[in-house]
Amino acid sequence: MSRFPPFSRYESGAVSARVRDLLVRLRLHMRDQAILDEAIARLATELNVRPGEAADQLTRMARHSGLAPVEVAKGIERPPDEPRQPVDVPVWVTGMLEAVHASALYLTPVKDATGRVVDFLILAANRHARTVAGRAAAELIGYRLMTASPGVAGSGLLDDYIGVFETGEPIHREGLEFVEVLDYLLWPATLSVRAARVDDGLLVSWRTMDDEEMLVSGWERAQRLAELGWGEWNLATQRTLWTPQMYEMFGRERDEGPMSLEELPAVVVPEDLPIVEDQVRSLLEHREAVETEFRIQQRHGVRHLSVFSEPILDADGVPVKVRCLAQDVTKNRRRERALAVAHEQAHRQRQRAEEEHRVTVQLQNTILPIRRGLIHLPGLTVGVRYLPGEELIRLGGDWFKARLIPDGRVLLAIGDAMGHGLTAASIMLQMRSGLAGLAYTQAPADRLATWLNDLIVHSNEGVTVTGTAVIGHFDPGDCTFRWTNAGHLAPLLIRDGRAVPIDGTQGMMLGAFDVTEYRMTATQLQPGDVLLLYTDGIVERRGQDLEAGMEALLQAAHLCTGDDPEQMINCLLDRLGGDKAEDDVCVLAVRVL
């Protein structure tokens, strides 16, 4: 039994309904277009102007009335038929028209007040004359062309006729998609049209192309679109037939004639000659059809041809002709080469990214050997957690520092080097190790931030390197945290189960300017307080603004209390989804003893 569900009538019926709906809307649009085209032709006749000017007038009428152009067009009635005056047609005109096998008219120009040709009068028609909508010769003679055949305006044929009359240059339009308009209906047809100036008038003829001509015309268009060519070599008479596209493929002029089979190897790229030789042997010796692909060198460069060939055998099985269908696949091969190059470049970039990731991880492991756990310092217990980003390419430059310095104070710092990957890890190393060295001067935190900014600026000449940090000292003697903020997120103070951001002076991020001063903030702490330092990875989420992330952190901090800083960090990360963060996450939970 098939594992696929059977087709249901409901599904096919629904699709059919949608198709019908599309066709109905299309036909309504076609009817509206027919109304517009016929109204423009009527208006042009009434005003004695060209169709383009009549269309502009119709637009102005619609704008003035506030109605849609189609509604205005419906109100433009057909002008009353004027009595046709007897026309004196020269004998030679009648004889000329009768010599034309297709529908033919002889037209004389209709001019406006300035002498400009705006239409034509049908002076005479041959007995074969019949418009696309079915009007015969008797219904045409004596009328203006746009009255008898409004479709000449919308199709552009009227403009062509005016051009022929004014320049004297004849035209031949083969395969013209013509749409006649009559009684608000469209009558499409594919025509072959000719026009030439004769004396003071215009001789025009047309015929509707039959099915065979349409198929031939369609096949020729298909050959051009698909870049297909067909050829036949008569081995007995040495006569060769080529379609026009074959000349294009081989870069030959028509007057050079088709290329013989003996000449073919001369244009084949040398590396592909064995392919062509095997092709000819299969055709002539083994008498088998063969499909091959080879390259030729022509005046416009190298072309890739995909060729299907077959031998035509006589009654004794002897090859008498070779036929081939060839397609120029040069564009396809170029796309394939470009795609292969793109894949190779992507592969190399992936290898470089993997190598950079490996080095970055090694560098992070060297700089931050402690990723989680507890650090016991004078007057403090510090919970530490560092989580790299979920995506390898987003490994960042988060860092922390928690250590005792010689004067008895505890250095507490957290920071984030801008960027990701090896570059961020290198900047992180520079910031963390630079701060570690500067801290032994026992200078206050604001001075350390200023020096660290100078170090970053002057160690990376010509390259802008930036980062953020909170740097401070905890004094066990007076239980005070004296700190400065260099563009980082403000620490949180959790006291009695309530978490609030600590107000402090926000300074410029590190590395942004070569001369920067920072201000100190003193925060008095008490036993049981928890100071929470963190990087932006814990509060930033795709599709969520920073304020929403900060609010979520505050709510989680209210609920995550206890004596163990490490358990507090676990609780925070569980509630905030920090273990699935896109960016690095670094958290210090500092409990005052």
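Me: How accessible is Arg295, in relative terms?
Reply: In this predicted model, Arg295 has 26% relative accessibility and therefore counts as partly exposed.

Me: Which residue does Arg295 form a salt bridge with, and how far apart are the closest N and O atoms?
Reply: The partner is Asp272, and the closest N and O atoms are 2.8 Å apart. The pair links distant parts of the chain, 23 residues apart. Arg295 belongs to strand E8 (residues 290-298), while Asp272 sits in the loop between helix H10 (264-267) and helix H11 (273-284).

Me: And Asp272, buried or exposed?
Reply: Asp272 counts as buried, because its relative accessibility is 9% and the cut-off for buried is under 20%.

Me: How many salt bridges are there?
Reply: The count comes to 23 salt bridges.

Me: What about Glu285, which side chain does it meet?
Reply: The side chain of Glu285 meets that of Arg281 in a salt bridge, at 3.7 Å from N to O. Glu285 is exposed, with a relative accessible area of 55%. Arg281, at 32% relative accessibility, counts as partly exposed.

Me: Which side chain does Asp478 meet in a salt bridge?
Reply: Asp478 meets Arg482, with an N to O distance of 3.0 Å. Asp478 counts as partly exposed at 33% relative accessibility, and Arg482 also counts as partly exposed at 33%.

Me: Which residues do salt bridges with shared partners join into one network?
Reply: Glu53, Asp112 and Arg116 are joined into one network in that way.

Me: Is Cys479 buried or exposed?
Reply: Cys479 is buried, with a relative accessible area of 14%.

Me: What is the phi of Asn48, then?
Reply: Asn48 has a positive phi of about 60°, although it is not a glycine. Asn48 lies in the loop between H1 and helix H2 (51-65). With a relative accessible area of 22%, Asn48 is partly exposed.

Me: Which residues gather in the patch of positive charge?
Reply: Lys331, Arg334, Arg335 and Arg337 gather in that patch on the surface. One of these residues, Arg334, lies in helix H12 (residues 330-367). Arg334 is partly exposed, its relative accessible area being 43%.

Me: New topic: what are the buried residues of H7?
Reply: Helix H7 (residues 157-167) has Leu157, Leu158, Tyr161, Ile162, Val164 and Phe165 as its buried residues. Viewed down the axis of H7, these buried residues fall within an arc of 160°, so they line one face of the helix.

Me: Now contacts across the sequence. How far apart in space are Tyr440 and Ile405?
Reply: From C-alpha to C-alpha, Tyr440 and Ile405 are 6.6 Å apart in space, and they are 35 residues apart in sequence. Tyr440 is found in the loop between helix H13 (421-439) and helix H14 (445-458). At 42% relative accessibility, Tyr440 counts as partly exposed.

Me: Last one: how far apart are Ala552 and Arg575 in space?
Reply: The C-alpha to C-alpha distance for Ala552 and Arg575 is 8.7 Å, with a separation of 23 residues in sequence. Ala552 lies in helix H15 (residues 546-559). At 30% relative accessibility, Ala552 counts as partly exposed.

Note on methods. Residues numbered from 1 in each chain as written. Predicted model: local features only at pLDDT ≥ 70, side-chain atom pairs only at ≥ 80, totals over all residues. Heavy atoms only, no water. Patch = residues over 30% accessible without salt bridge, like charges linked within 9 Å, V, L, I, M, F, W, Y side chains within 5 Å. Areas by Shrake-Rupley, 256 points an atom, 1.4 Å probe, with all protein chains shown as cover. Salt bridge = Lys/Arg side-chain N within 4 Å of Asp/Glu carboxyl O. Lys, Arg positive; Asp, Glu negative; His and termini not counted. Charge placed at Lys NZ, Arg CZ, Asp CG, Glu CD. Helix = DSSP H or I, 4+ residues; strand = E, 2+ residues; numbered from the N terminus. Buried < 20%, exposed > 50% of the residue type's maximum accessible area, 1.4 Å probe, protein only. Arc of directions from axis to C-beta.
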